[in-house]
Amino acid sequence: MMLPSEKHLKGSLHFVPRTLPSTPSRGRAAEQTCLALLQACTSLRHLLQTTALLLKYGLQSNPLVLTKFAAASSALDALEVATSLLFSPHASTHLYDCFLFNTVIRSHAQSDRLGDRRLAISYFSAMLRCRLLPNKFTFPFLLKACASLPEPTGVGAQVHGCVVKYGYSSDPYVQNTLIHMYSGAPSGLDFARELFDRMPKTSPVTWSVMIGGYVRSGFSNKAVGLFREMQGRGIQADEITVILVLSACADLGALELVRWLGSYVERENIPKALPLCNALLDALAKCGDVDGAVALFEQMHAKSIVSWTSVIDGLALHGRGKEAVRVFEMMKGAGVVPDGVAFISVLTACCHSGMVDEGRRYFHSMTSDFGIEPQIEHYGCMVDLFSRVGMIERALEFVKTMPIEPSPVIWRMLIGACRVHGRLELGERIAKNLLDEDPTHDSTYVGLSNLYALRRQWEKKWETRRAMSERGIRKVPGCSLVELNGEIYEFVAGDESQLQYRGVYEMLEEIGRKIKLTGYLPTKTEVLLDIDEEDKEDALH
């Protein structure tokens, strides 16, 4: 029987072994021997030796042995060995059962390789062609494979059709993995929520899956809102749910909620495993309570590189570069080997504190001391470091000598630095070159128009804005988030949809009057508009 995966299995074990004549008792003993050996397999060599014995005993069509063989191959990351035997041209696939196919599908779904996860779907098709009916364990594995694909909802919707066809649409485990699959892409979030709302009975796992979908797609506000609804229904959150909500809080800057979650963990006796402590540490640091993050870090009995990096990153982002560097050195002193992410954090610390010499030293130590090849993010940190201190020529020289192609982000970083440090003509040249290569990004147009405004070249500024408009490109308006009494409010520039927006603007005017009485003088050069000085002051509000 030819299966769709055979083209991936060149070099398979294409031979038919001569089976030994055996009595039923001898066959049973051979089966038990192979099962025991497969259970004890710890290396690829042992697996191949056991495979030879399996063939010698003629057990290549024994579903029980083959199921254990597939599981052992998966544990040793040797799926090719399993599929070479299971689906060779001489395999007796008509003797296989659903349990064996479930094991193969699960093994491929859990693989780190995208190609293996795609094959999980192919083996489901092969299972159907073998006239085997899937059971309730088949679909969670299969949907997990779909969820990990770049575009999960296309093939996932077809699998969903099979779920309905074979009568498993009301199984809670299948429902949870359906929600997980659909919520893996922004385009499927609404359908995932529809499935979630239709479920007659939910568990903490169901809520975690839906909250996780919102977090992964960047809808942190909705994730927090759903968590509040979960609390309102009296459903106790588990460790996974708390970690997900902490991630949403870190994105929103919701410090009050982060602190409440820390108290909730203590009150509900949720085990403070290392991933949970790391999530709380990261959320505290990103929400501004760096001292609280450091205090938690010092209390932690076990620390991973994620713990150290979160503290370094938190100190760096809040301008405490020297402390961040000190923690980085403490990490190395504790025997924790820094990775690429840790170097991004310490280079960011050097950027925010203007420590050029330290930044250059750490950048070079990546390769010389730790053998880490710098990625585009590390090069970006160095360009940012030179740019912030006004070393524009040095930054430009660094970009030109990079061994990898500079990203548009790096060029836009240089444009911003040219604006801040008065290198307007250089910034204009870089912006024009970037527009030739990437004419679709709004911030490049905005950067160029701002350079023209600083030079009082108003006509060129409006030409740039017109070109942007003609291409259908719109600038994403700025926004800010404010947490008050446990609620998170979002304000968008120019938005008047808030019910209390009039009161907000009246309060801004009052604040403006009060700060002027204390001696505040507005920096009107930052208003890049061709308007009167008095209007510029109003625009700064």
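**Exercises on aromatic pairs and a helix contact**

Trp260 and Tyr264 are separated by about one helical turn, being 4 residues apart in helix H14. The model is predicted, so that local features need pLDDT of at least 70 and side-chain atom pairs count only at pLDDT 80 or more, while totals for chains, interfaces and linings use all residues. Residues are numbered from 1 along each chain as its sequence is written, and side-chain values use heavy atoms, with hydrogens and water left out.

**Exercise 1.** Classify the ring pair of Trp260 and Tyr264, and state whether each residue is buried or partly exposed.

*Solution.* Rings of Phe, Tyr and Trp (its six-membered ring) pair if their centres lie within 6.5 Å, and planes under 30 degrees apart count as stacked, over 60 as edge-to-face and the rest as tilted. The centres of Trp260 and Tyr264 are 5.2 Å apart with planes at 20°, so the pair is stacked. Trp260, with a relative accessible area of 34%, is partly exposed, whereas Tyr264, at 3%, is buried (buried means under 20%, exposed over 50%, partly exposed in between, with a 1.4 Å probe and protein chains only).

**Exercise 2.** Describe how the axes of helices H15 and H17 are arranged.

*Solution.* Helices are DSSP runs (H or I, at least four residues), numbered from the N terminus. Axes are lines fitted to C-alpha atoms over the stretch in contact, and angles run from 0 to 180 degrees between N-to-C directions. The axes of H15 (residues 274–286) and H17 (residues 305–317) come within 9 Å and cross at roughly 5°. The two helices are therefore roughly parallel to each other, a term for angles under 35 degrees.

Technical notes: Angles under 35 degrees count as roughly parallel, over 145 as roughly antiparallel, 65 to 115 as roughly perpendicular and the rest as oblique.
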